[in-house]
Amino acid sequence: PYCARRARCAALHLSLRCSLTLPTPPALARAGNTFVSWLSAPVPAGTVCGDLATTPCPTLAEGLAAAAPGSTVYVTPGRFAGAGNVEVSFGGKAVTLQSTNGRELTLVNATDPVTGLKTRAFNFTSGEGRDSVLAGFSVTGGDAENGGCVIIERSAPTIRDSLFLGCNTTAGSARGGAIYAWNTPAPGPLIANSSFTFNWGVEGGAIFVGGETVPAAMEVAGCDFQWNICASPVGRGGAFAADTANFTIADSIIENSIVGFGGGAVNLERATGRVERSTLRNNTAASFAGAVQIFAASLTAVDSNFTGNRGFIFAGGVIVTSADYEAVNTRHDDNWGRVGGGGIKVVGGSCRLRGGSVSFNRADGYGGAFDVATGYGCCCENCARAGDWGCYVPGLAAGGAANACIFKNKDLTI
């Protein structure tokens, strides 16, 4: 899979070299629309740019400046980098910035082609709402303390149909390799139908959302996360991390994320989250929770699959620490926690499963299915179990595990 993805990335750059012969769709190429063209010459001072036939804008920033609120800025295929194409701001305008031919042919590179200086591509920091839309771009090469390619503060834009590839945040708190969202008002930014591949950070290899005293908000829908990494010894949330936030992840796939600490795929701290119809598969944590780490937070998983994840100390699937976890019709299968809690580890708080399964999980030490701290429990109603190595609760006599792991309406062997 790694080699296949590298090949697709190489194909992206090849297609860009051939993209200049592609025509703009006739429905868009009419007078009155604002256009940005990679090949456009600089516009003389005092000249209004944007007409495709005569004076298309040469940079993304100039296209946004020329556009009227409520309109669309169409960007023709090409590679956009350097001044006017990085640190691009919508300035609070309700405008759509959209490629004409899709993300495969429209690249924004936040690395300066002359100096090699890396910065961000887009800034949403002027109170933008969901009617400020970024659509149909490949964004790469960014590096900043928070939000390697995109920063969102006190704003809630829509980002859709885009690819974030090789965005990094490695300095300071290093939150959000691709996207950093802070104090975002409800309902929060909408990140839809986009892909995140090979992004790096310390907290949130691809995306971080957080707030101060009031929880931030975010919605992620129909996204694909592959090989996002938080390699630091304190790295957490390989694909997604939330701290003091409310969020939803729906109809998404998170695979092959790697973290140096906990929450291989997703990390929640002081947050409330919901994962719906999503798959978290083959993610790895060097310490705790290959799939999801929940700390002083609350998570509900519905109709989802947590499978094939690895925690190299505890919890192949999910770890619940002073937190609440509820799963409905969700599979926790084929996960591995080296010391204990192959499927789920409960350190403190509550754990309730309804439907779904906890099957074929493994631990080299304690509790292939569940590892539950004394005084806490996990209730599983109508859950299928098979092939696990039991439920372990320290300090209880043999057979006492059933007092902490309560299974209802299903035959099983502990």
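Two strands are taken to pair if DSSP finds at least two bridges between them, and strands (E, at least two residues) are DSSP runs numbered from the N terminus. In E28, for instance, Ile294 is the bridge partner of Leu268. This is a predicted model, in which local features need pLDDT of at least 70 and side-chain atom pairs count only at pLDDT 80 or more, while totals for chains, interfaces and linings use all residues. Residues are numbered from 1 along each chain as its sequence is written, and side-chain values use heavy atoms, with hydrogens and water left out.

**Strand E24 and its partners**
- Strand E24 (residues 266–269) is covered on both faces, with Val266 and Leu268 buried on one side and Asn267 and Glu269 buried on the other, where buried means under 20% relative accessible area with a 1.4 Å probe, protein chains only.
- E24 pairs in the parallel sense over four bridges with strand E20 (residues 240–243), where Ala241 stands opposite Asn267.
- E24 also pairs in the parallel sense over four bridges with strand E28 (residues 292–295).

**The six-stranded sheet**
- An open sheet with parallel pairing has the strand order E19-E23-E27-E31-E35-E39.
- Strands E19 (229–230) and E39 (362–363) stand at its edges with a single partner strand each, so one side of each has no neighbour in the sheet.
- Strands E23 (residues 258–259) and E27 (residues 284–285) run parallel and are joined by two bridges, with Thr284 as the bridge partner of Ile258.

Note on methods:
Buried < 20%, exposed > 50% of the residue type's maximum accessible area, 1.4 Å probe, protein only.
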